[in-house]
Amino acid sequence: MKQLPVLYSFRRCPYAIRARMSLIEAKVSVELREVVLKEKPQEMVEASAKGTVPVLLPSGDQGEVIDESLEIMLWALTQNNTQWLSGPVTLSKQLEIIADFEKSFKPLLDSYKYHDDQSEHGRTQYQLEALEIIKQLNDGMKNSDYLTCSQPRLVDIALFPFIRQYAHVDMDWFSRQNVKSIQEWLYRWLESDCFKLAMQKFRVWKPDQEVTVFDVSGGMR
Ligand SMILES: N[C@@H](CCC(=O)N[C@@H](CS)C(=O)NCC(=O)O)C(=O)O
């Protein structure tokens with residue numbers, strides 16, 4: 001059997017979710033190694049000392065270890081589905097939107113989702129500040145189906161797992177907010193074959209067991 005790239009992954013990690021979604025959209029199958037974050041396999045830490053998932057080990061002469069989810073997405077979509085990297089909004093603009101979002105939204109999401117007595121502000125403050133960022137994305141959509149145009153792009157799957165987490169903290173509340181384009185966008189992704197395939201359950205990887213293939217060659221969505 002042809003050697004596949006290896007992906008160390010954790011099913012619920014938003015960074016790993018977006019990496020898996022990009023592999024699906026690029027129809028790049030991998031050997032999937034599901035990890036438990038508290039017991040990271042030695043093989044993964046040897047490949048990438050920083051100890052975060054996802055980590056991709058390209059096969060053969062395809063290149064070096066990639067241990068940043070966005071880099072994995074770019075690696076996958078460059079192989080197949082390069083149109084996701086361009087369009088009316090250029091790749092550099094998409095990367096700028098992603099970087100801004102990660103810088104502003106992710107800390108608010110964490111403060112909202114994991115709110116506790118030590119938090120500086122009340123939960124609602126983080127919830128509403130994050131909603132402002134979602135409103136800006138919503139207004140930028142101008143009723144189109146995806147964030148930057150009528151078709152999905154890198155930026156859509158880069159942001160989706162985090163907006164999903166935010167919405168799921170209080171789905172009833174989220175569905176009552178005035179962000180119709182983003183709500184429809186979110187529900188569409190949640191129902192997509194791409195997301196469903198990305199969320200398949202796999203047993204935790206052990207070095208001596210049979211290889212688990214994350215087979216996405218058939219394509220989805
Ligand atoms: N910038 C990294 C962040 C990845 C990340 O933080 N992943 C979390 C899981 S969601 C992780 O592996 N944390 C290490 C740990 O919990 O030990 C990326 O985009 O890949």
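**The ligand site**

Mentor: Start with glutamate 68, where a polar side-chain atom lies 2.8 Å from a nitrogen atom of the ligand. The model is predicted, so local features need pLDDT of at least 70 and side-chain atom pairs count only at pLDDT 80 or more, while totals for chains, interfaces and linings use all residues. Residues are numbered from 1 along each chain as its sequence is written, and side-chain values use heavy atoms, with hydrogens and water left out.

Lysine 40 has a side-chain N or O atom 2.6 Å from an oxygen atom of the ligand. In the side chain of serine 69, an N or O atom is likewise 2.6 Å from a ligand oxygen. On its own the ligand has 510 Å² of accessible area (Shrake-Rupley, 1.4 Å probe), and the protein covers 70% of that 510 Å².

Now the whole shell (a heavy atom within 4 Å). Around the ligand stand Cys13, Pro14, Tyr15, Leu37, Lys40, Gly51, Thr52, Val53, Pro54, Asp67, Glu68 and Ser69. These shell residues divide into 6 nonpolar, 3 polar and 3 charged; Cys, Pro and Tyr count as nonpolar, Gly as polar.

For the wider setting, the domain assignment (automatic or from a database) gives domain 1 as 6-83 + 196-214 and domain 2 as 85-192. Their centres, taken over C-alpha atoms, are 23 Å apart. In contact (heavy atoms within 4.5 Å) are 18 residues of domain 1 and 20 residues of domain 2.

Note on methods. A polar contact is a pair of N or O atoms within 3.5 Å; within protein, one must be able to donate a hydrogen and the other to accept it, and residues adjacent in sequence count only if both atoms are side-chain atoms.
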